[in-house]
Amino acid sequence: METIKSLMEFLDNGVTSYHAIANMKKKLLKEGFVELSEKEIWHLEKGKSYFVIRNDSSLIAFRIPECEISTVKGWHVYAAHSDSPAFKIKENPEITKEGMYVSINTEKYGSMILSTWLDRPLTIAGRVCVENENEIATHLVQLKDNICVIPSLAIHMNRDMNNGVTLSTQYDMMPLLSMICQENREKTSKGMLNKVLAKTLTEITGRNYSVQDILSYDLYVENCEKAVLAGIEQEFIMAPRYDDLACVFAGLEGIIAGKPDSYIDVLAVFDNEEVGSLTRQGADSTFLRDTLETIAEGFGADRAMFRRWNVGSFMISADNAHACHPNQGAKADLTNRPYLNKGVVLKYHGGQQYATDACSAAYVKNLCRKNDIPFQIYANHSDIPGGRTLGNLTMAQVSMEAADIGLAQLAMHSAYETAGAKDIEYLIHLTTCFFDL
């Protein structure tokens, strides 16, 4: 029960990728990991643990075994992603409507089920950049819960609502922020968000910030509902951002608990998976390769040894999987149908959108069987193409054997997702065993 409570707290606090990484940093520092900077030379020691952050939203943690570097067999990499679909706030966001309402101009970040965002309490969170003493400073912010909402149109005004409605992101999904004052309306609505941000920054930092101090921001409208347990026997967990913060949480717990023997353990959490990973902090960037090369250089490993390490390595790419739906079972594959609370999901894709092949699947299955970890298989329905994840993208940068896994869940990319409460324990057990090798 303590594990599920910790997971729920992790989900509640990880409102954006920036907050998720900040929470990971706090946990790793508490557990004795040392933070490194990509701008500095690394002085590494055997038996020590480290982490590095890129762009505030991606993190790679690693643990060096006690063995001689010449006897290291390679890397054990567990990869997941820190981002989830949300609404990204544009510059100059305030829009006055009907002379009374103030809405926020947003765009989709990632592929999302739009209807699930209607009529929910929403917050605004992310990072804000300001100038402090001739340097750019970045601050995490989360405005108050329930600061905005995206209201539905009443069924009385659209009797076809339940027959299927196409929603426009630009017009139907614009969050409502406030009402404007009757006096000097134009002045009141413009810059309303920046005024709140300046006040929030002043409260956070103790410095006096004004609207003019705000240079830029990466802000998102996020679901601020808390994670809850559900079902007659509390067998379900419902939460925002379960995809993929649950896998991130399992990797974090695993690398902290694991004790590497002859492999260098690596936890890689990338941002921007939901939009293609084509950023400097995404899985298709050089972040992982740069980090692994710097580790090797720090211990005097030459290029030949580095290549041998890669060949002897294994990556687990962890991103959640679709559970067979209770009302839409025909959408699932005929013979590979994962269910909630039935174990870790091993994912296959004939078009190689997942990295799993026979050999990497055998590795994961063997690891599960030897440690009594239940597992199940996912494959797409042959007429319904699925999504892709970060495994193969990462392998384009650093080639090693890899398999894709995840946790079974319902309503993926909904504002509020459902999964099995037992499965997180299975995945933590798997990551710990993986990092123990």
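## Aromatic pairs

Rings of Phe, Tyr and Trp, the last taken by its six-membered ring, form a pair if their centres lie within 6.5 Å. In this predicted model, ring pairs of that kind link Y78, F314, Y363, F434 and F435 into a cluster. Across the structure, the count comes to 12 aromatic pairs.

One of these pairs joins W42 and F62, which are stacked with 5.9 Å from centre to centre and 25° between the planes. W42 belongs to the loop between β1 and β2 (49–54), while F62 belongs to strand β3 (residues 58–63), so the pair ties together parts that are 20 residues apart in sequence. Both residues are worth a look for their surroundings. W42 has a relative accessibility of 9% and counts as buried, and F62 counts as buried at 0%.

F314 sits in strand β14 and Y363 in helix α8, so the contact ties together parts that are 49 residues apart in sequence. How exposed are the two partners, F314 and Y363? F314 is buried, with a relative accessible area of 2%, whereas Y363 is partly exposed at 25%.

A ring also takes part in a contact of another kind: K88 lies over the face of Y220, at 5.6 Å from the ring centre.

## The nine-stranded sheet

Now for the sheet that holds β14. Nine strands make up an open sheet with mixed pairing, in the order β1-β2-β3-β13-β4-β14-β18-β16-β17. At its edges stand β1 (34–36) and β17 (375–378); each has a single partner strand, so one side of each is left without a neighbour in the sheet. From one strand to the next, the twist averages 25°.

Strand β14 (residues 314–318) pairs with strand β18 (residues 401–406) in the parallel sense, over five bridges. Along this pairing, I316 has A403 as its bridge partner, and M315 stands opposite A402.

## Around strand β14

Helix α8 (residues 358–370) lies across β4 (74–81), β14, β16 (344–347), β17 and β18, and runs at about 60° to β18. Helix α10 (residues 423–436) packs on the sheet as well, touching β4, β13 (263–270), β14, β16 and β18, with a direction at about 155° to that of β4.

Another open sheet has five strands with mixed pairing, ordered β11-β12-β20-β19-β15. Its edge strands, β11 (228–230) and β15 (321–322), each pair on one side only. Within the sheet, strand β19 (residues 408–410) and strand β20 (residues 417–420) run antiparallel and are joined by two bridges, with L410 opposite T418.

Helix α5 (residues 242–257) packs on this sheet, touching β12 (236–239), β19 and β20, and its direction makes about 35° with that of β20. Does the length of α5 agree or disagree with what its residues should span? At 1.5 Å a residue, its 16 residues should span 22 Å, and the end C-alpha atoms are 22 Å apart, which agrees. The helix is mostly covered, since 14 of its 16 residues are buried.

Strand β5 (residues 86–97) and strand β6 (residues 101–109) run antiparallel, with eight bridges between them. T96 has V102 as its bridge partner in β6. Three residues lie between the strands of this hairpin, and E98 takes a positive phi near 60°.

β6 also pairs with strand β9 (residues 176–179), in the antiparallel sense and over three bridges. In that pairing, V102 stands opposite S178.

Note on methods. Residues are numbered from 1 along each chain as its sequence is written. This is a predicted model: local features need pLDDT of at least 70, side-chain atom pairs count only at pLDDT 80 or more; totals for chains, interfaces and linings use all residues. Side-chain values use heavy atoms; hydrogens and water are left out. Two strands pair if DSSP finds at least two bridges between them. Helices (H or I, at least four residues) and strands (E, at least two) are DSSP runs, numbered from the N terminus. Axes are lines fitted to C-alpha atoms, for helices over the stretch in contact, and angles run from 0 to 180 degrees between N-to-C directions. Contact means heavy atoms within 4.5 Å. Rings of Phe, Tyr and Trp (its six-membered ring) pair if their centres lie within 6.5 Å; planes under 30 degrees apart count as stacked, over 60 as edge-to-face and the rest as tilted. Buried means under 20% relative accessible area, exposed over 50%, partly exposed in between (1.4 Å probe, protein chains only). A charge sits over a ring if NZ of Lys or CZ of Arg is within 6 Å of the ring centre and within 35 degrees of the ring normal. The expected span of a helix is 1.5 Å times one less than its number of residues.
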